[in-house]
Amino acid sequence: MATPLLPAGATTGDSGGELSSGDDSGDMETDPSRTLAELFEKAAVHLQGLVQVASREQLLYLYARYKQVKVGNCNTPKPSFFDFEGKQKWEAWKALGDSSPSQAMQEYIAAVKKLDPGWNPQIPEKKGKEAKSGFGGPVVSSLYHEETISAQESLRNDKAIKAKR
């Protein structure tokens, strides 16, 4: 049945060794399933910065594999006809059937690498201000500010009209 989290050693088998041969770390003493799980977690963190560039199909593909790893086989009832997004997610996850968590991890990592070919999981992700210090600096929308000012002026005008009555 489905397990919410993968304990160490749960993904050992013939698929675990495949990834360790492709791992650039060179550390042969680490448990292959642990290395695979670590790469998967790094890919999941890295994906958060790629959501804007990924297509809807790619996101559904990644979602299904993430759920397969974290929850196991699809174990929830199909969402209603009117829940379009929920139904698409459910169908993508259900389509994986009895796919192994290690297979889902490998496919997830490969998809993240395809989205960002320059991504190297051996390099730690930047956090906080480091991650946001790129070309162009912070993005500020003047439209939001104008809408706020416009709404405040409208409120003042309504109060002024009511005060005159």
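In this predicted model, helix α3 and helix α5 (residues 101-115) have axes that come within 8 Å of each other and cross at roughly 150°. Since angles over 145 degrees count as roughly antiparallel, that crossing makes α3 roughly antiparallel to α5. The handedness of the α3 and α5 crossing is left-handed. On the α3 side, the residues that take part are Gln58, Tyr61, Leu62, Arg65, Tyr66, Gln68 and Val69. Their counterparts in α5 are Pro101, Ala104, Met105, Glu107, Tyr108, Ala111, Val112 and Leu115. Sorted by kind, the residues of this α3 and α5 contact come out as 11 nonpolar, 2 polar and 2 charged.

Helix α3 also packs against α4, and here the axes lie 8 Å apart with an angle of about 60° between them. The two helices, α3 and α4, are therefore oblique to each other. This time the crossing, α3 past α4, is right-handed. From α3 come Arg56, Leu60, Tyr63, Ala64, Lys67 and Gln68, and they meet Glu85, Gln88, Lys89, Ala92 and Trp93 of α4. The make-up of the α3 and α4 contact is 5 nonpolar, 2 polar and 4 charged residues. Gln68 turns up in both sets of α3 residues, touching α5 as well as α4.

That leaves the empty space in the model. Rolling a probe the size of a water molecule over the atoms shows where such space is left. The largest pocket holds about 280 Å³. It is lined by 14 residues, and those closest to its centre are Leu47, Val51, Leu59, Leu62 and Tyr63. Three helices each put at least two residues into the lining of this pocket: α2 (32-47), α3 (56-70) and α4 (84-94). Helix α3 gives the most, with 6 residues.

Conventions
Residues are numbered from 1 along each chain as its sequence is written. This is a predicted model: local features need pLDDT of at least 70, side-chain atom pairs count only at pLDDT 80 or more; totals for chains, interfaces and linings use all residues. Side-chain values use heavy atoms; hydrogens and water are left out. On a 1 Å grid over the protein atoms alone, a cavity is a set of points where a 1.4 Å probe fits but cannot get out, and a pocket is an open set with protein on both sides within 12 Å along at least five of seven lines; lining residues have an atom within 4 Å of a point. Grid points are joined across faces, edges and corners, and a volume is the space filled by probe spheres set on the points. Helices (H or I, at least four residues) and strands (E, at least two) are DSSP runs, numbered from the N terminus. Axes are lines fitted to C-alpha atoms, for helices over the stretch in contact, and angles run from 0 to 180 degrees between N-to-C directions. Angles under 35 degrees count as roughly parallel, over 145 as roughly antiparallel, 65 to 115 as roughly perpendicular and the rest as oblique. A crossing is left-handed if the near helix is turned anticlockwise from the far one by less than a right angle, and right-handed if clockwise. Contact means heavy atoms within 4.5 Å. Ala, Val, Leu, Ile, Met, Phe, Trp, Tyr, Cys and Pro count as nonpolar, Asp, Glu, Lys and Arg as charged, and the others, Gly among them, as polar.
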